[in-house]
Amino acid sequence: MIGGEVCKQQLASQLLPAEPRELTRAEIDGLWRIFVAIGTMWQNTVHDSAGLKSSWLEFLTSKTRIQPSYVAEYVNALEVVEELIKIYKETEAFEKLFLDNGIIPADSLDTRLAHAKHFVVDEFIRVQIVAGGFKNFIRPQQNPEIRPDNIVNYNGFIAGSRFNRIKPVRPYEEPSK
Amino acid sequence: MSNDYAYIIVGSGVAGSTIATKLLEKDPGAPILMLEAGPQIPMKDRRYWWDYVVNNRKPYDQCEDRDGDNPSVGMTPWHSTGSRTMMYGGSTVHWGGWSMRFKPEDFYLKSNTGRGGDWPYNYDTLEPYYCRAEEYLSVCGDDKDSATRGIPASAKNKNDPWRSKPYPLPPYPWTESDGEMIEAFKTLGITPGRMPLARYRKCMATGTCKYCPFGARFAGSYILDDLLSEPKYTNLTFIGVAPVTRLVAESKSRIHTVEYIDPTTGETKTASGDRIILCTGAYEAPKLLMLSVSPYWENGIGNDYDLVGRFAISHPFLSVAGTKDKNEERWIQEFDFPTLMSRTYDTEEYQQNGKIFLMKSAMFPNVDIAKHMIAGKDRHEIDRIVTGPRQVQLSAFMEEMGQYDNRFSLGEGTTRWGLPRTKIRFAHPPDFRKRAEKNLDLMEEVIRKMGYTVDKNNDKVIGEQDGHHTSSTCRMGKDPTEGVVDANLKVFGTDNLYVCSNAVHPTCAAVNPTLTLVAVTLKLTDHLLAQKP
Amino acid sequence: MNKKKQSLAEMHHLERMHPLLEHPVEQRDLTWLEHALQSAVSVEFSTIPPYLSALWSIKDQMHPVAASIRNVVQEEMLHMALACNMLTAIGCVPKINDPKMVPSYPGPIPGGVHPELIVSLSGLSDASLDVFIAIEAPSEGECPKTPEQGKGYKTIGAFYHAILGTFQTLKPELSTERQVSGPLAYMVMEDLPAVEAAIALIVDQGEGSEASPEVEHTRELAHYYRFLEVKHRKRYSGVDKKGRAVFEGEPVEFPAAWPMAVVPPGGYLRADVSDDVWELINGCDQTFTQLLDRLQAVWENGDQAPFVHAIETMFGLSKQARSLMGIEIGKGFGNYGPCFRLL
């Protein structure tokens, strides 16, 4: 298992209980660093994920201002990442965090590392994909965030009104006779 | 008026909400009581939406049946979990919104095949109500794919039966990944059609229809919200988490009183109404009638001929999948519903064998990119998966004919909603498998024509029977020897008790029943409004 | 991409458009940029209520003319959103639900743009089409393509060029905090190239000046010509020897529309209308206010949630407005319509 004392510390599998509150500037910046690292790892964003930030911020707000609150999980994740970066340096730390852990079953989340991976990293990955990160896997040759006619959709992505001139999905084109 | 209310409506799904809406439009001061057994779940909530998108948890999952709520005792197991939602707004809160009309032959199933039932009226009678239902649900469909009156749809390679009014909104387009199947359909003489869907103009193609952040997919809860926020409707009373446990007959023909559990005290309370309408879906209506035993109705209200709960049908779900080596186009799921369908095998010619309604599954091809990232695959590996083997699936609903012995009745004990469990006795007829396999052969032809490989062991599937489109448990009939309700949905032998749900449909055709239910509901409201108070 | 052409009147009067353009280039600082971008937000926004009134008065919302106007509205909203992102990028908060920024109707477009035009809220008609045509009209004669060429001529395009020039000179630090991306604002201003691309998009789609009825690389007509097709009731069929557009093509149907009357100055008052009508009018104002409040919250917090709610609010407003448009004021007076008042 990667990491040191912090990562390996034992925890119960359930979501860490926490009161809802606003995250601090430092906490948001630290979590954003994790989110940006996802785009870097899978090379599927431009402008360091800037185009996905408003979606991510909304997600973060919804997870911390009401119950069940993720505040404790986010604080935990920041400390886990901090330790990993101390041990491995930043690039390798995120690589290990993202690639070395796999899908951890919900009843096996018994370390701080497992919590960070499951409750924070995995969910950030889903947000990243749904908010627009999927585009680069489907149209890798195009700049997905600048070209408005990059038509492709994904469940969870707000593609836009179906009555727009630019259609929200790749439409079937009748073959010319 | 000596009763508390002019109408008591049991159940707040699309049928109950629609009846209340139409009655109140005509008479805003009408005293109406609506009783709903389930809770209200907030819609369009941002946290709930993110939990759905990220963790696949819908806030109304708690309103589904649990294992054990509906024991299946017949030869063919019947699975109920996930088929319906017991809640404010009913099962249209979780439905896909696929909105097809039944066809003319569907009203004569028994006459045509000797099986199932006949409706007491025909398609032409219901047609104007279909138009109103499509307007009401905001159905997006293809006018050009409709037959002409007097000429069967099949004669002109049209998918839809004739219509007197256009669809309210244009159809959703076929997607690029529909193309292979469209071409295969055409080669095989199958007419490709566009799936008619109940979506308002505010659809933003988010692909999370089951909990739409904009409320673009029709749901009964929105109708209820409008009703309950209208200040003019001063005599409308809504009580949620209030299961109705019995109907009380004053005499053989007069049923004026309902007993229900008060949500705040847990005590049984009563309310009386001039007319009582059971909009409780196909599971609950027969049980409530059976429970309501009295000296006037020894076997339960409307059950003198022992037909309540019988002829239960749903739709066997058939599917054939195929695989190709490559997905260079990088096709993934883009809409949260099928856009390509066909009713070429949903015609009179196929009634004897069991019609099928074909749809290209929206879930294939697809790659769950996030899942692979979570599993720790790097970019190259995921690129290989995205461009790697591609699966496609053709699915079908198969028409089912009601059988006398297939019955919903009272199970032991109650569920967490305070309603009795449902005992489901169901068995396919002996020739079902042979007929289903014949249909699967037709479907396999399509997948092969597309150039996909079909793994016979894994890919040709007759799905397990489930309760999504359960119908006919209190079916319409010409007289009480054939059905539980008459053409106006009034329970035979009563003056003022009605059933309005999929329970009343004598057949379920090969398509989703909700559009037909709304048409039938609008017909009922016209009937109620035409009656003297 | 659609192009909006600059009117001659606009070119002559644009020195009155904004004192900002009179400001010496070398003195244009961040404060200048803030005011200029806020002006841009207001100008883009000001055309939306009149366009929406015309759009929603069309009975069949699927009519091609309705689709055309809806497209224009969406592009104006996109321009407004991009301008809001630019403002946010330099650390300012766009003012959307500020009473000083919300125009009143009938009235001129804010900032001195098109001072000869009085824009009203009314249903689609030849009169309202004339106003839209004037807004979209191309310049006649020579069109300056660059700010240097256009010295002395100050077009809307030149205005955006001035904004761009100031970005390029100042190179301010751009923050992505509180910027928003989504279906109506798909670009985030993270660096100078992003700002350049956004301004190119705005100018190209609506504020540029090229001399062709057809939008580059497409067979779509610019808005101006499409509105003219409706006005002439005939399709564009080419240009004459002098290069002027000719409309002798297939017939174009003028869509059936509710005769929404011009909303009087200040809008309808409580005392002037029945209870039922007031409920709808006030309802529209409340929904419009809620829409602006939600849009304000989007850029104040950089939060997508009010954006999602704002989209749904728009649809709610459409429903209320169209209910209102079906009601006659009195015989010969036309029908009611939304007042787009900030409460």
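A: In this predicted model, helix α1 (residues 14-26) of chain B packs with helix α6 (residues 220-229) of chain B at an angle of about 35 degrees. The axes of these two helices lie 9 Å apart, and the crossing of α1(B) and α6(B) is left-handed.

Both helices contribute residues to the contact. From α1(B) come Ser17(B), Ala20(B), Thr21(B) and Leu24(B). They meet Gly220(B), Ile223(B), Leu224(B) and Leu227(B), which belong to α6(B). By residue type, the contact of α1(B) with α6(B) divides into 5 nonpolar and 3 polar residues, with no charged ones.

Chain A can be described as a whole. Chain A has 7 helices and 0 strands, so that from the N terminus on the order of its elements reads α-α-α-α-α-α-α. The C-alpha trace of chain A spans about 65 × 35 × 30 Å along its principal axes.

Next come burial and contacts. Chain A has 177 residues, and 59% of them count as buried. Among the contacts in chain A with a separation of 6 or more, 69% are between residues 24 or more positions apart.

Key
Residues are numbered from 1 along each chain as its sequence is written. Chains are lettered from A and ligands numbered from 1 in the order in which they are written. This is a predicted model: local features need pLDDT of at least 70, side-chain atom pairs count only at pLDDT 80 or more; totals for chains, interfaces and linings use all residues. Side-chain values use heavy atoms; hydrogens and water are left out. Axes are lines fitted to C-alpha atoms, for helices over the stretch in contact, and angles run from 0 to 180 degrees between N-to-C directions. Helices (H or I, at least four residues) and strands (E, at least two) are DSSP runs, numbered from the N terminus. A crossing is left-handed if the near helix is turned anticlockwise from the far one by less than a right angle, and right-handed if clockwise. Contact means heavy atoms within 4.5 Å. Ala, Val, Leu, Ile, Met, Phe, Trp, Tyr, Cys and Pro count as nonpolar, Asp, Glu, Lys and Arg as charged, and the others, Gly among them, as polar. Buried means under 20% relative accessible area, exposed over 50%, partly exposed in between (1.4 Å probe, protein chains only).
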